[in-house]
Amino acid sequence: MYKGVIFDIDGTLVDSNDAHARAWVKAFADEHITVPFDQVRPLIGMGSDQMVPRLTDVQKDSPTFKRLGEAWKQHFQAEEMPHLKAQPGVRALIERLQERGLRLIVGTSADEALVADLLRVAGVDDLLTEYTTASDVESSKPEPDIVQAAVTKLGLAPAEVLMVGDTPFDIESAHKAGVATVALRCGGDTRFEGAAAVYADPQEWLEQLDQSPLGKG
């Protein structure tokens, strides 16, 4: 049934959700805006164009929003990126899916400037070479734009594609695009209502691949 798979990166392929939250807290502080970690963390996985207005009165077309985005990126790259690790089983899973002939693409709310580095951390930058990011679309997750753009790039129908993510925003975005979702708990979330299947991490999904929505390949 499925011919293609869309992968989220943060939390799904790389253990980076806490790191993003810490970087956002520091970026807000740089603008003298106090937003505690425990308010930011549940919204990681949502694009900044959605998250920042939800947490503050800063709108996405404002100079402050632009400064926040740059500060977040600087904090994340300088202070968090060097310490990130891949989630268990990422490369082996990607290789197995490629062996099955599935078309693979990344669909992420991450900044396009960070995608290559994050894929290197995941150890799959040579395997996952196509991606759609928030830079390619009008609205990021949980809106469907990123998933729709990825489906179009794959050249498949939504019903032929599976989205793999770790937050409810991945599931909502995919659902709006008519795409089923596999959810992974390794990003630290458990709000997975509507997912076709849930696994601990890429390694567990790989071990149960034949019994998963992908079935026997």
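Reader: What makes V40 count as buried or exposed?

Author: Keep in mind that this is a predicted model. V40 has a relative accessible area of 0%, and buried means under 20%, so V40 is called buried. V40 sits in helix α2 (residues 37–40). Beyond its neighbours within four places in sequence, the residues in contact with V40 include A21, W24, V25 and F28.

Reader: Why are the rings of W24 and W72 called stacked?

Author: Two values matter here. The ring centres of W24 and W72 are 5.2 Å apart, and rings pair if their centres lie within 6.5 Å. Their planes meet at 5 degrees, and under 30 degrees counts as stacked, so that is the label for W24 and W72. W24 belongs to helix α1 (residues 17–30) and W72 to helix α4 (residues 63–80), so the pair ties together parts 48 residues apart in sequence. Both W24 and W72 are buried. Ring pairs also join W24, F28, W72 and F76 into a cluster.

Reader: Which strands stand at the edges of the sheet, and why are they called that?

Author: The open sheet has six strands in the order β3-β2-β1-β4-β5-β6, with parallel pairing. β3 (131–132) and β6 (197–199) each have a single partner strand, so one side of each has no neighbour in the sheet.

Reader: How do you know that β5 and β6 pair?

Author: Pairing needs at least two bridges, and β5 (residues 180–184) and β6 have three, in the parallel sense. L184 stands opposite Y199 in β6.

Conventions:
Residues are numbered from 1 along each chain as its sequence is written. This is a predicted model: local features need pLDDT of at least 70, side-chain atom pairs count only at pLDDT 80 or more; totals for chains, interfaces and linings use all residues. Side-chain values use heavy atoms; hydrogens and water are left out. Helices (H or I, at least four residues) and strands (E, at least two) are DSSP runs, numbered from the N terminus. Buried means under 20% relative accessible area, exposed over 50%, partly exposed in between (1.4 Å probe, protein chains only). Contact means heavy atoms within 4.5 Å. Rings of Phe, Tyr and Trp (its six-membered ring) pair if their centres lie within 6.5 Å; planes under 30 degrees apart count as stacked, over 60 as edge-to-face and the rest as tilted.
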